[in-house]
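Subject: Structure handover

Hello, the structure is pasted in this email. My notes on the salt bridges and the overall fold follow.

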Amino acid sequence: EIAEDVLMYERFSIPSGIYLFDRPYLVGAEDPDSEGFHKFEWDHERLPNIDATLDSLRSRGFRLAVWSAAWARNNGAGSNGAEAAESGYLAPGNGRVIDLTNPAAYQWWRQKLESFLSEYNVSAIKLDRGEEYVPSSASDIYHDGRGGREVHNDYPVLQAKVHHDALKNSTGNDFLVLARAGYSGSQQWAASWGGDD
């Protein structure tokens, strides 16, 4: 599919720009219940020989964009979810959403993401989720002491910021975050895309 995309761009003289790897492209994303990924590691069954693929795209002038969300799925030892659960970095009563109100969790996620972005020279992120599955009841108490009702609208801002920070640290000033969810303040960290439906 990637080769066909690129060949069609060339056939119709469409200039190269950003090539987006939407979900699923990382390990664990094939699980229909995961809605995310287990590790910042390319799914080599779905995308064999990814280094050569990325080199080919770059040689044609494409820059790389990837899907992301502040979700850590647990697939046992070594997975983001297992590490997040062990460290107490998950949102209250949730097995996938990172508690970005926790400075340690924020830094942990930013550093994991930043390492992946740097290694593969990623220029943009299509940021998904942020409003879904975020624990939002008054009884859901986050690390910073706020209840879920208070955090619900702030979570998309935090998610946009952590992805912005990771991209800025890995690429400098030439990058873009496109976020699905947003609230007042999100616009300083991300532009918006219209969502799926």
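**Salt bridges and fold**

R63 is partly exposed, with a relative accessible area of 34% (buried is under 20%, exposed over 50%, partly exposed in between; 1.4 Å probe, protein chains only). R63 pairs with D174 in a salt bridge, with 3.2 Å between the closest N and O atoms (a side-chain nitrogen of Lys or Arg within 4 Å of a carboxyl oxygen of Asp or Glu). The two are 111 residues apart: R63 sits in strand β2, and D174 in the loop between α6 (155-171) and β4 (176-179). Helices (H or I, at least four residues) and strands (E, at least two) are DSSP runs, numbered from the N terminus.

This is a predicted model: local features need pLDDT of at least 70 and side-chain atom pairs pLDDT 80 or more, while totals for chains, interfaces and linings use all residues. Residues are numbered from 1 along each chain as its sequence is written, and side-chain values use heavy atoms, without hydrogens and water.

There are 15 salt bridges in the structure. One of them joins R60 and E10 at 2.6 Å, N to O. R60 is in the loop between α2 (50-59) and β2 (63-68) and E10 in helix α1 (residues 2-11), so this pair ties together parts 50 residues apart in sequence. Within helix α6, D165 and K161 are four residues apart, about one turn, and form a salt bridge at 2.8 Å. D165 is buried at 14% relative accessible area, whereas K161 is partly exposed at 27%. A network of salt bridges links D128, R129, E131, E132 and R180.

The protein chain has six helices and five strands, in the order α-β-α-β-α-α-β-α-α-β-β. Of its 197 residues, 48% count as buried.

Regards
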